[in-house]
Amino acid sequence: MKIICIGRNYADHAKEMQAPLPKTPIFFMKPETALLRTRDFFYPKFTSELHYECELVLKIDKVGKNIQEKFAHTYYSSFTLGIDFTARDLQKKCKENGLPWEIAKSFDQSAPLSKHWIEITDSAENITFELEHNGVIVQKGFSQDMIFTFDQIIAYVSKFITLKKGDLIFTGTPAGVGPIQIGDHLKARLFDKEVLSFYVR
Ligand code: ZN
């Protein structure tokens with residue numbers, strides 16, 4: 001199982017990062033060990049600027065390579081929310097030196113994931129979600145604001161990498177990313193339903 005993450009997929013987030021809008025999807029990967037398997041998240045020692053990024057996550061249902069955009073919807077049937085934790089201080093250094101981002105993005109527990117999967121139906125085209133940080137809503141997402149759609153992402157990624165059943169795709173974060181501290185609480189809602197809630201220890 002692998003986790004594919006899309007970067008800069010919302011214009012307002014690209015703007016807050018002072019990054020140009022991408023012409024093709026930008027992706028990177030996290031290993032399976034990035035999934036949060038404990039109840040709470042433990043703040044890693046190697047960073048002092050850890051940011052949350054709340055994202056819609058797709059689960060791939062079947063194996064596929066070079067998937068055409070028009071058939072991409074047949075490769076997933078459910079979605080949920082996850083957090084793409086990012087060591088922003090390490091990421092800045094990687095970017096400055098033209099190095100890969102893995103140490104900033106792919107560390108253990110860097111991908112908390114909701115267990116509540118929602119089936120995709122016709123009525124679920126307009127997906128709304130939000131992240132609450134210590135009781136304050138800090139991110140609000142709307143699937144229609146994505147620069148690249150679920151289907152475009154799948155078509156692009158599968159040109160390079162075979163997708164397999166159980167793979168996850170984090171589809172990018174809207175604006176409002178920010179730092180967390182030990183003791184903080186994060187809660188994510190998909191539509192109006194709470195699907196993820198945990199403390200930073
Ligand atoms: Zn992200």
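Apart from its neighbours within four places in sequence, Arg189 is in contact with Leu81, Thr128, Phe129, Glu130, Glu132, Glu194 and Val195, where contact means heavy atoms within 4.5 Å. The model is a predicted one, in which local features need pLDDT of at least 70 and side-chain atom pairs count only at pLDDT 80 or more, while totals for chains, interfaces and linings use all residues. Residues are numbered from 1 along each chain as its sequence is written, and side-chain values use heavy atoms, with hydrogens and water left out.

Arg189 lies in strand E12 (residues 185–190); helices (H or I, at least four residues) and strands (E, at least two) are DSSP runs, numbered from the N terminus. Arg189 counts as buried because its relative accessibility is 18%; buried means under 20% relative accessible area, exposed over 50%, and partly exposed in between (1.4 Å probe, protein chains only). The side chain of Arg189 makes a polar contact of 2.5 Å with that of Glu130 and another, of 2.4 Å, with that of Glu132. A polar contact is a pair of N or O atoms within 3.5 Å; within protein, one must be able to donate a hydrogen and the other to accept it, and residues adjacent in sequence count only if both atoms are side-chain atoms.

The zinc ion has as its protein donors Glu53 (OE), Glu55 (OE) and Asp84 (OD), at 1.9 to 2.1 Å. Donors are N, O and S atoms within 2.8 Å of the metal (3.2 Å for Na, K and Ca); water is not among the atoms, so sites may look incomplete. Glu53 counts as buried because its relative accessibility is 4%, and Glu55 does so at 0%.

Finally, three strands form an open antiparallel sheet in the order E6-E3-E11. Strand E6 (86–87) and strand E11 (178–179) are the edges, each pairing on one side only; two strands pair if DSSP finds at least two bridges between them. Strand E3 (residues 50–52) is joined to E11 by two bridges, and His51 has Pro179 as its bridge partner in E11.
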